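Colleague: I am new to this structure and would be grateful for a guided reading of it. May we proceed by question and answer?

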4 protein chains.
Amino acid sequence: MSGSVLGNVFTVSTWGESHGRALGVVVDGCPAGLDLAEEDIQKMLDRRKPGQSRFTTTRKEGDEVQILSGVFEGKTTGTPISMIVWNKDQRSKDYGQIAYSYRPGHADYTFDQKYGFRDYRGGGRSSGRETIGRVAAGAIAQKILGELGIEIYAYAKSIGPVDIDYEKFNKAEIYNNKVYMPDAEAAARAEAFLQKKIKEQDSAGGIVECVIKNMPAGVGNPVFDKLNANLAKAVMSIGAVKGFEIGDGFDAARSTGSVNNDEFGIDESGKVIKKTNHAGGILGGMSDGADIVFRAAFKPTPSISREQHTVTRNGEEINMVIHGRHDPIIVPRAVVVVESMAALTIVDLLFSGMASRMDFVKKIYER
Amino acid sequence: MSGSVLGNVFTVSTWGESHGRALGVVVDGCPAGLDLAEEDIQKMLDRRKPGQSRFTTTRKEGDEVQILSGVFEGKTTGTPISMIVWNKDQRSKDYGQIAYSYRPGHADYTFDQKYGFRDYRGGGRSSGRETIGRVAAGAIAQKILGELGIEIYAYAKSIGPVDIDYEKFNKAEIYNNKVYMPDAEAAARAEAFLQKKIKEQDSAGGIVECVIKNMPAGVGNPVFDKLNANLAKAVMSIGAVKGFEIGDGFDAARSTGSVNNDEFGIDESGKVIKKTNHAGGILGGMSDGADIVFRAAFKPTPSISREQHTVTRNGEEINMVIHGRHDPIIVPRAVVVVESMAALTIVDLLFSGMASRMDFVKKIYER
Amino acid sequence: MSGSVLGNVFTVSTWGESHGRALGVVVDGCPAGLDLAEEDIQKMLDRRKPGQSRFTTTRKEGDEVQILSGVFEGKTTGTPISMIVWNKDQRSKDYGQIAYSYRPGHADYTFDQKYGFRDYRGGGRSSGRETIGRVAAGAIAQKILGELGIEIYAYAKSIGPVDIDYEKFNKAEIYNNKVYMPDAEAAARAEAFLQKKIKEQDSAGGIVECVIKNMPAGVGNPVFDKLNANLAKAVMSIGAVKGFEIGDGFDAARSTGSVNNDEFGIDESGKVIKKTNHAGGILGGMSDGADIVFRAAFKPTPSISREQHTVTRNGEEINMVIHGRHDPIIVPRAVVVVESMAALTIVDLLFSGMASRMDFVKKIYER
Amino acid sequence: MSGSVLGNVFTVSTWGESHGRALGVVVDGCPAGLDLAEEDIQKMLDRRKPGQSRFTTTRKEGDEVQILSGVFEGKTTGTPISMIVWNKDQRSKDYGQIAYSYRPGHADYTFDQKYGFRDYRGGGRSSGRETIGRVAAGAIAQKILGELGIEIYAYAKSIGPVDIDYEKFNKAEIYNNKVYMPDAEAAARAEAFLQKKIKEQDSAGGIVECVIKNMPAGVGNPVFDKLNANLAKAVMSIGAVKGFEIGDGFDAARSTGSVNNDEFGIDESGKVIKKTNHAGGILGGMSDGADIVFRAAFKPTPSISREQHTVTRNGEEINMVIHGRHDPIIVPRAVVVVESMAALTIVDLLFSGMASRMDFVKKIYER
């Protein structure tokens, strides 16, 4: 385990630092015969690109992806797909204080502790730019899921104190406002709240909710590689995520069995359904055919313009001000990252579950 | 990925069903030279054993562990450690309705969907008894951590609506009451609440909190194999866990950067410390030297004695009553399981991080 | 990587020492719905059992296998299959000299170097008894392959200086003689040769050849996880194997392209075939539809009754005589182990290749 | 398992096709603090570069490597190291016959069988150019081993019928002749032999031998992940390798225990040594402190200019001539690839063995 590789059958290996030459990802285990073009990747990357609004960093990056391998005549070949995005806007500057001080809420100190030193230009591997590789790989995973009729979408459920109202839920609205909320009124209040935080040289957190529709039942595993466990890992591996819950999540801890259990029934077409979905689409680690619904809690952006107290590498206490380009909130750009991590997890579990039954094995290999 | 193997360098492979012949685990990657006796394992297993109180199932299982390999003259040899617990109290009974119906809140339906059929005697692999292997392996992990001065302990933070009061926190009290709460008054209220639930033929959920003390800084990885991500996976893989959070968790989503950032300082001994611990001991996926604090939300026990509506394998709607031995709450017996999963995760990350620096590598191999 | 786990989708974890309580294996990733009984396992184990002839150790072990989990009503459930064999004939004896000396050709010295000490009762993990777990798991793999029409068989190609004559090849003969040769005359000469070695207090080596018939084309991978590479690893992981070759193997190094290339043609049924099989059934790391043919070279049994020079743990030079029960040759009992390792490798590659094409994925998941 | 990822703690992920935009590799798990420059990589790549002599293809590729991540101020940072080489000399040509026919001895047919179609421009992933990623990663592994005093070198032991004479072995000579032989006279004869093969429009095979000096004892594992097993896999995963042997290899199968066993002794400095090295430096899957010596058999280059019989995708029998640039032998350029695969294997085992003893663990984590 070396830390930057995810997945067992559908394997993703990301690389690159915020201020290095480039960032990228290698996806190994993508099936042959999938239609894939750079536009498929680009449209997902554009959703996490900086410079889209006042609430995202003004750093200018085209973030144009190139596919370097694994695609021939518009189709995946089954061999590794390498994708790259060049870093362009590496403003040359004096990293001075950052080079030898530990920014609160950042990984500077822990990098020094683990590795003995660190690349102090920006966040290095801990930068949000590392998610470029995740989103590029996730775009491929989403294409695969699309072919199987499985849909994944995420949105901001809350921004600071502002929650969406499910009565006003409108999926199309998600892509209509700068904070990716499915409720236009909440979005307007969230934007006002963020303006206030910027003025205060402060930052905010929020919650992203993700829905997976049309999942076949029986995907995942009963013990360690539960669908919910692997989703939790994938989502918690996004920088700034501090909590994960599925279905009723923490509320389930206050509920009772008679309320929390989802009773089974038969729908008009004769299919087994659950009458409620407190479980969030997963029972015993495997999908139950209902929508999968999970949430991720993001902490406030740690980079704030306000003066903060901290220490240097040499053990000197100082006050520091972090100059530069900061998002006042991570959530809007993280929405597509959450989708991507969910898609990567689902595809890996779908693929690794193809041998779970002898009749599946025979479908492929019996002549 | 076959679902019942966890870890990369310290690998755990559990096996066994609730009503099969036995359950067990193979631990591969345990260092040679660790003192290990069956008592070390047994004392942890005894904490999850049924039949300890009115709030745990009355099934009678000695759950006596045998170490079958990997230990010689009281020391681990570095080869796989196989441990086994025989099932004794497999009451022969008519599984009738359970054999062909789907219990709400259980994995019966998803097992049938994934595998085409299922072992209908009890929960099979989804039974709480599967955690025997986890706790046995976790006991070894805890021994290793003990040698390094790292301490892990967990407790019930809430049972249904009853929360502990941190003003009254008393660690020694945890092992003094039947619900593993570190607050005797809350424990008394929780016990009364559970009595009520039993009378109502209902069940309750709760929250387990876990603390890891004396962690060296720099353990974990910056990208996918973050310490928090691997903890999340390990803990979410415990049946009935619906949420995971670290540090301020979901509350961080409502906080601001100026509050949530933990400022660094220097303590009297000249060591770098954080003045607060909103992060819960992890920054950028790596331990920061502060206490690691995380929480897991458990849903109410799905097995309740009340009649519930459900369907059969053949698509018939029925009302069913689940007879047998049910805990009204999972939390008390799950406390040691949470500790175990944390210990397994930490040990695997400690071991896989030993090659993170050339000076570490040279410490071992340079002559 | 902890050393005793093999496979990615079909995972095998063996445990146990020659003189411990028991030996066993956990197989995770076996598909549900396979008919499986203890007899299926036992008949393979009986082929490696000691005490069958003068050429195998006279240690008396029933080696009766028990299936402890993963099978219900005669069918695999898709969950881990745990199998155990108890050690019975652990003669209590004075291990004296062996306990502190390094037997030539054995792993005593390297164990001490790696782990700091060792279980000195017999070979521990390096004993041939460790292969019990491999053969038990291999029996399951062979059952799966049988369902797909794939056949694996191995035999002794040479014993010391005695080679089989392919003109006299008779598959049925393999199970007719004590040295598992498919040529009765060669077998007779080999037996005479071995009698001589026993008299001389010496031992012999030999070559096992293995054939896999009816392989579907396209199994394996083009780069690291080539079918031949994974076979090589699996077979070289059997104790005493010093060489592995496929198809013409080392002879190919002396051949020319015009001779060594297998030309393609069309058979009567219109199927693509190769006119020769110098490649041994694998091109570019993937099966080509022809028979897979490989060989493994076994060194002579290192335990011989003759006096040998060696050193003790404390650096003292001594002469030692290894008392006890030794096979004069490993090959006959290793034949079934080679088959098992081949079967485990093929099954893991078949299962991990099920997602290599979008049309395969759709066959399983499209509704 | 997706086929293009190797290693567990030191992980290598290669990508790219012979006629795609670029080829490259991501190395995850390299320790922080290693001095690393592009020159370190380039000098190894130059050893496998085409166009060096008449015996290697005349394709012109600078094969200049760029390090895109993971290195800061001349030192590795512990994060993934991405390296890339752009393809330049992609002659545009009519791939006509190759596009729809199966070249004998190549992977065209098996690619079509596995993936349903293939990138027909050159060998795609099966091209020798894929080894660029292996050699680039291997250069890093060799640097790490150099820091620990471990040396790896390989050379041609035989080319067609021409063998080196160990009496004339001269290590410096390896880099002096075009066929990488440590014996100048044999090299001259080999070159003459290859000239003849070129004239005959034919090709030749050969054997590469590799030596690893100064290995610490105790590296590797007793069961599946034996040092010899992992070496075998790594080396057999090089295209065109048909056989692997260690120490006396296949000759050991004809030897006797009394000859083949290496007796232990004490050298002048009081160190345990083996008096002979039939084992090739490995006992029971672990290094024994003696030189590790192994050999790989390479088949003749399958691309020959002579007309060959084969079939098309559509099942038509044809005669084909493969135009283009072919090496008459693979061995000289493969020497550095063998070294690289050995280095990758050793580093991964060294790193994964750091937790094999509690005293090792304490050396790193005890304060």
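Colleague: To begin between chains, which residue of chain B forms a salt bridge with C:Glu38?

Modeller: The model is a predicted one. In it, C:Glu38 belongs to helix H1 (residues 38-48) of chain C, and its partner sits in the loop between strand S2 (11-16) and strand S3 (22-28) of chain B. The closest N and O atoms of the pair are 3.3 Å apart, inside the 4 Å limit used for a salt bridge. The residue of chain B is B:Arg21.

Colleague: How many salt bridges does the count give over all chains?

Modeller: Side chains of opposite charge can pair when their charged atoms come close. The pair of C:Glu38 and B:Arg21 crosses between chains. Over all chains, the count comes to 112 salt bridges.

Colleague: Which residue of chain D forms a salt bridge with A:Arg21?

Modeller: Between chain A and chain D the count is 2 salt bridges. In the one formed by A:Arg21, the closest N and O atoms are 3.3 Å apart. The partner in chain D is D:Glu38.

Colleague: What area is buried between chain A and chain D?

Modeller: The size of an interface is often given as the accessible area lost when the parts come together. Here 45 residues of chain A are in contact with 45 residues of chain D. On the chain A side, A:Arg21, A:Leu68 and A:Phe72 lose the most area to chain D, together 19% of what that side buries. Carbon and sulfur atoms give 61% of the area buried between the two chains, which is about 3,400 Å².

Colleague: Which element gives the most residues to the side of chain A that touches chain D?

Modeller: The count between these two chains is 12 residue pairs in polar contact. Several elements of chain A each supply at least two residues of this side, among them strand S3 (22-28), strand S7 (81-86) and helix H3 (108-115). By class, the side has 17 nonpolar, 18 polar and 10 charged residues. With 5 residues, the element that gives the most is S2(A).

Colleague: What area is buried between chain D and chain C?

Modeller: This contact takes 109 residues from chain D and 109 residues from chain C. Carbon and sulfur atoms give 60% of the buried area. The area buried between chain D and chain C is about 8,700 Å².

Colleague: Which residue of chain D forms a salt bridge with C:Asp225?

Modeller: The count between chain D and chain C is 4 salt bridges, beside 47 residue pairs in polar contact. For C:Asp225 and its partner, the closest N and O atoms are 2.4 Å apart. That partner is D:Lys233.

Colleague: Which element supplies the largest share of the side of chain D that touches chain C?

Modeller: The residues of that side divide into 42 nonpolar, 42 polar and 25 charged. The largest share, 7 residues, comes from an element spanning residues 108-115 of chain D. That element is helix H3 of chain D.

Colleague: Which residue of S11(D) is the bridge partner of C:Glu245?

Modeller: Strand S11 (residues 241-246) of chain C and strand S11 (residues 241-246) of chain D run antiparallel and are joined by 3 bridges. In S11(D), the partner of C:Glu245 is D:Gly243.

Definitions and conventions: Residues numbered from 1 in each chain as written. Chains lettered and ligands numbered in written order. Predicted model: local features only at pLDDT ≥ 70, side-chain atom pairs only at ≥ 80, totals over all residues. Heavy atoms only, no water. Contact = heavy atoms within 4.5 Å. Buried area = accessible area lost by both parts, 1.4 Å probe. Salt bridge = Lys/Arg side-chain N within 4 Å of Asp/Glu carboxyl O. Polar contact = N/O pair within 3.5 Å; in protein donor to acceptor, adjacent residues only side chain to side chain. Helix = DSSP H or I, 4+ residues; strand = E, 2+ residues; numbered from the N terminus. Nonpolar A, V, L, I, M, F, W, Y, C, P; charged D, E, K, R; others polar. Pairing = 2+ DSSP bridges.
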